[in-house]
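Thank you for making time for this. I would like to walk through one structure with you, and please keep the sequence and the model in view while I talk.

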Amino acid sequence: MNQTPTISWRDGHLVRDGEPYRILAGGLHYFRVHPDQWADRLLRLRAMGANTVDTYVAWNFHEQVEGEFRFDGWQDLEAFVRLAGDVGLDVYLRPSPYICAEWSNGGLPAWLTARTAAVRAADPDYLAAVDAWYDALIPRMVPLQAVNGGPIVAVQVENEYGSFGSDRAYMEHQRDALRSRGIVELLTTADGTTSDMQVHGSVPGALPTFTFGTGVALAEQLRDPADALMCSELWGGWFDHWGENHHVRSAESMVGTVDELLAAGGSVSVYMAHGGTNFGLWAGANHGETIEPTITSYDSDAPIGEAGALGAKFDALRASFAPFHDGELPQPPAPLPVQPAQSVALEPAVGLFEFAASLPEVGRVTPLPQTFEQLGAGEGIVVYQARIDVPDGATLDVDGLHDRAVVFLDGERIGILQRGGDVSLQLPGGARRGELTLVVENLGRINYGPLVGEHKGIIGGVRINNRRLVHGWRHRVLPLDAPAATGAPGADGVARATIEVDTPADAWLAFPGGTKGMVWLNGFLLGRYWEIGPQETLFAPAPLWRAGANDVVVLDTDGLGTTVEVRDQPSFGRTEEFIGS
């Protein structure tokens, strides 16, 4: 096998075939785009003037159950890489076990963080799991390297490690894990524009690169003059949390930074070129003063919109990248068709309490409530139930609520508790013995910072009057399949609708009057909606629809609407100009 990487660096420049070279990349994640639309998005990226597609590899997307590796269907990474090559793009592969990416747990499997506190470090248990994952992944990527005739020209060792840790042995292990398994191509790291981040995030043998929204001058100051200048994530837009504004960045602002970087001789990957969607419950969360869950859309105000729409940013980048190509750039694909707008009735099927109580119990009765991890649950909802003695005028207090609970007493809805807000409430009625039910929702596993890997559910205990612990807990776990239960309809809970479609095409779904729910289309979990916004529509791509009747199921924990609207364009809600630092 050829042991000479296709791209290397010397004297401050990337070199390919003996000539100075620029990587002009755009972020596009296969796990955020329906496989039937991979080709369309890659062709748009190529037409934008990119010569490379940049994708993370989401470990937890491939190994949801320990030891069960999936590389078929939506998880067919090899097919995505080959497809990129077929349309004329190189691949910048970022398989570091941790990816951040506003993705659940930063890509780390929940089964691993359930038992391992020292993630992203030279902890034997953690490294054993990483090595097993790489034993499954890397041999599939080796034949797809450019030295072997494939499109992979660069591979990332770790992701923004300098803002997380300082374990040199771990970074060396990650570098050696790639090389020893046959990765020959250019290795990189990626960190922010501070000396501390660069020092702790870099490792000998890998090109240090930068991540920033505006930071070309700082990057030039920080880099070793012998190293090529590259921004592995130039933030042309930004993601959104529930309850915030939709973040946008003007085309002029974005391309100004891109042009500054190119003028300095640098290479670039625009993050994101196409954001896509956090389908299912894969959206992660950040943590400031409290948890900040990420919305379902990952549009990120990208040059190629969530459904493939092209705008001013696409045109600006195409103009900036064009001079670095021989000949004219290819034309982008035609816009994809969308469904005409319509509205159908949303029919309540069963109230939340009755539905929650109908789920099968899992495990045994335990003295204290079990976490999601102890129950083998990754995302979604766990129902906690116990018999309690209620004194007159008592309060209920929950320790370590991760993240949100709807509380029922004897089947009566009595309140909502939420991490960072109220985690205590008054129990109504007089003294009695009653049945306590807490419907606890994981709002998203933290994907960045020291709290990556934290557990979900009720982490501590439940107390009466801030004193006496409640013992004797039973647990029920919500399957992530579309709920099929029926019973007494309620103001909250499960509802259904049927949408007739002549020809499957892209569409957006809205739930006016709905409060906080999960949505399934023909059995596929699209994601969440929440009245606090900013996102107002859920993207429903054409491959999920069928000609004729389509089934929509909603589980709203707080209050159902009465209709489902099919819309012909998205609505991301109120906006604000924002540039990541």
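Predicted model: local features only at pLDDT ≥ 70, side-chain atom pairs only at ≥ 80, totals over all residues.

Residues are numbered from 1 along each chain as its sequence is written, and side-chain values use heavy atoms, with hydrogens and water left out.

Let me begin with helix 10, residues 312-321. Helices (H or I, at least four residues) and strands (E, at least two) are DSSP runs, numbered from the N terminus. By buried I mean under 20% relative accessible area, by exposed over 50%, and by partly exposed anything in between, with a 1.4 Å probe and protein chains only. The buried ones are Lys313, Phe314, Ala316, Leu317, Arg318, Ser320 and Phe321. What covers them includes strand 4 (24-28), helix 1 (38-47), helix 9 (251-263) and strand 12 (267-274), where contact means heavy atoms within 4.5 Å.

Now to the pockets. On a 1 Å grid over the protein atoms alone, a cavity is a set of points where a 1.4 Å probe fits but cannot get out, whereas a pocket is an open set with protein on both sides within 12 Å along at least five of seven lines, and lining residues have an atom within 4 Å of a point. Grid points are joined across faces, edges and corners, and a volume is the space filled by probe spheres set on the points.

The largest pocket has a volume of about 870 Å³. Its lining is made of 36 residues, and those nearest its centre are Asn60, Gln64, Trp282, Glu379 and Leu480. Helix 2 (59-62), helix 4 (110-113) and strand 32 (524-530) are the elements that give two or more residues to this lining. By class, the lining of the largest pocket has 20 nonpolar, 9 polar and 7 charged residues, counting Ala, Val, Leu, Ile, Met, Phe, Trp, Tyr, Cys and Pro as nonpolar, Asp, Glu, Lys and Arg as charged, and the others, Gly among them, as polar.

The second largest pocket holds about 600 Å³ of space. It is lined by 34 residues, with Glu160, Trp235, Trp238, Phe239 and Tyr448 nearest its centre, and the classes there are 17 nonpolar, 13 polar and 4 charged. At least two lining residues each come from strand 9 (207-212), strand 10 (230-235), strand 12 and strand 13 (285-287).

Next, the aromatic rings. Rings of Phe, Tyr and Trp (its six-membered ring) pair if their centres lie within 6.5 Å, and planes under 30 degrees apart count as stacked, over 60 as edge-to-face and the rest as tilted. By this rule there are 29 aromatic pairs. Phe61 is buried at a relative accessible area of 6%, and Trp103 is buried at 0%. Both belong to an aromatic cluster formed by Tyr30, Phe31, Trp38, Phe61, Phe80, Trp103 and Trp282.

Lastly, the backbone. Most residues other than glycine have a negative phi, and most peptide bonds are trans. Against that background, the bond from Tyr271 to Met272 is cis, with omega near -10°, and Met272 has its place in strand 12. The bond from Gly533 to Pro534 is also cis, with omega near 10°, and Pro534 lies in the loop between strand 32 and strand 33 (538-540).

Which is Asp11, buried or exposed? Asp11, in the loop between strand 1 (7-10) and strand 2 (13-16), has a positive phi near 50° and is exposed, at 64% relative accessible area. Asp301 also has a phi near 50°, but it counts as buried at 18% relative accessibility, and its place is the loop between strand 14 (291-293) and helix 10.
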